[in-house]
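Hi everyone, thanks for coming.

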Amino acid sequence: MNGNSGHPSQPVFMVDSGGGHPKQPRYYHRQMPRHTEPQLVPCWTFPPARAETKRRGLGRMNAGMAWVLIMILLLVFAALGLGAYQILRLQREMERLSLEMPSRMQSIAPQKQVGLNPAELNRNKQKSAAHLIGRADQSPSSGILKWESKLGEAFTEGVKYIDGGLQVNETGLYFVYSRVEFFSLECNPKDFYVHKMSLQRNSHNRTIMEDHREGFCSVGSGQPWMTGSHIGSLQHLKESDRLFVNVSHPNMLSKNFHGNYFGLFKIQ
């Protein structure tokens, strides 16, 4: 029997079918061509091992994708739950406001006023102030200047004008001021003029401001002269304190009402 020269023949084993000990097998080989290369034996374990590795990789990938999907679903459910909670809270707040609105509207409705009326409140908010203008008149007995308290720019608010003095009705910090103007047709360089303000508290008088004017004219000029004196400062006054102004030469005060004035205003 001729074999195919391209394929090697398989060995043939001969076994004795008789009893007794088996004989040694005899090997009969078919003749193979001299220049034919032996055929490689196929390895049946490599493809199954590769398929097993691929299945393991797919299993791990599927497990990771499953965890990612689970986390995404959890986040979605948490967001939905938070949104539902916010909506429920807003609904409750709207119900509460709808219940409170009628009572608030009733509280806004006009009601009978109890206490001081607006005019009295405005009077209480007004700052104490006064501005007096001069009449060039000084009492011979007291030496206190008299002032105009009602005409022109003169006024008193929250302050009393009594016999040439201003009496405060409220304790606080005040700015007090005064200006006088002297005028004469003759000049004596040795003359000096005093302008001062006094405070009377608990029947005691004391000077709180004073100004001296001298050397403002020359001998032999033969011309009329005029000079002014201004004083002002912050003073802490108490209730019922009284302020007065006097000068050393009241007969030389000018007749200009706007050149002679006296006043105060409460700061705090």
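Before that, some ground rules. This is a predicted model, where local features need pLDDT of at least 70 and side-chain atom pairs count only at pLDDT 80 or more, while totals for chains, interfaces and linings use all residues. Residues are numbered from 1 along each chain as its sequence is written, and side-chain values use heavy atoms, with hydrogens and water left out.

Okay, the overall picture. We have two helices and 13 strands; those are DSSP runs numbered from the N terminus, H or I of at least four residues for helices and E of at least two for strands. Of the 268 residues, 24% are buried. Buried here is under 20% relative accessible area, exposed is over 50%, and partly exposed is in between, with a 1.4 Å probe and protein chains only. If you take contacts (heavy atoms within 4.5 Å) between residues at least 6 apart in sequence, 69% of them join residues at least 24 apart.

Now the surface. The accessible surface is about 20500 Å², and carbon and sulfur atoms account for 57% of that; areas come from the Shrake-Rupley method with a 1.4 Å probe, and for residues only the protein chains shown count as cover.

On to salt bridges, meaning a side-chain nitrogen of Lys or Arg within 4 Å of a carboxyl oxygen of Asp or Glu. How many salt bridges does that rule give? The count is three. In one, E93 meets R96 at 2.3 Å, N to O; both sit in helix α1, three residues apart, about one turn of the helix. Another pairs E181 with R179 at 3.7 Å. E181 counts as buried, because its relative accessibility is 10%, whereas R179 is partly exposed at 21%.

Then there's D241 with R201, at 2.7 Å. This pair links distant parts of the chain: D241 is in the loop between β11 (225-237) and β12 (242-247), R201 is in strand β9, and they're 40 residues apart. D241 is buried at 3% relative accessibility, while R201 is partly exposed at 22%.

Last, two backbone spots. Which way does phi go at D163, positive or negative? It's positive, near 50°, in a residue other than glycine. D163 lies in the loop between β6 (159-162) and β7 (165-168), and is exposed at 56%. N202 has a positive phi too, near 55°, and its place is the loop between β9 (192-201) and β10 (204-214).
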